[in-house]
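My notes follow the display.

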Amino acid sequence: LFVFWTFEGEALVCQHCEFNQCGALEGIKEVNCGPGQWFCEVDFVNGKAVTKGCADKDVTKIPAGYIPVDGNKLKRCKEQQNGRLKHCYCKKNRCNAKEQAFTSSKSDVHGSCMLFSVLALIFISMI
C-alpha cells in the first residue's frame, strides 16, 4: 500500500492596499498570493506607499533596472521622475509591510562616516 502526499509550497503572504488606503490601518490587509505569484510589490508616490500587493504571475524574476535596497538582492526598487515615483519588488513573507524598509540607509551611513571623520580630525589635532 502506497500513500502519496502532495505538498504544495506555502503561498507568499503580502500586504495589500489600494490607493489612498495604505496610510489607514483599516485599509491594509494580508493576502496569500496565488500559485505562480513569487513577489510582493509596493508603489510609492512622493515617499508614501499608495498600493501594495502580490505581483502579477508574469513577474517570474525582478526586471532589469531595479536596484537592490542596501545590497539586498531580494528587495529591489526602480525610481522614476527624479525619485517622485518608486516601484519595488521583494520576495519574503510580509516584505512589503514596512515602508521604511525600501529606503536606503546609505545617507545614514554617509552621515555617520562624516561625523566620525570630523571627530577623528579634531582628536588628531589635539595630540
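I began with Val-45, which stands opposite Leu-85 in S7. For the labels, I took helices (H or I, at least four residues) and strands (E, at least two) as DSSP runs, numbered from the N terminus.

The model is predicted, so I kept in mind that local features need pLDDT of at least 70, side-chain atom pairs count only at pLDDT 80 or more, and totals for chains, interfaces and linings use all residues. Residues are numbered from 1 along each chain as its sequence is written, and side-chain values use heavy atoms, with hydrogens and water left out.

Next I looked up S3 and S7 (residues 85–90): they run antiparallel and are joined by 6 bridges. Two strands count as paired if DSSP finds at least two bridges between them. Tyr-89 in S7 is the bridge partner of Glu-41.

I then turned to S4. Strand S3 (residues 40–45) is joined to S4 (residues 48–54) by 6 bridges, again antiparallel. Here Val-45 has Lys-48 as its bridge partner. The two strands make a hairpin with 2 residues between them, and Asn-46 in the turn has a positive phi of about 50°.
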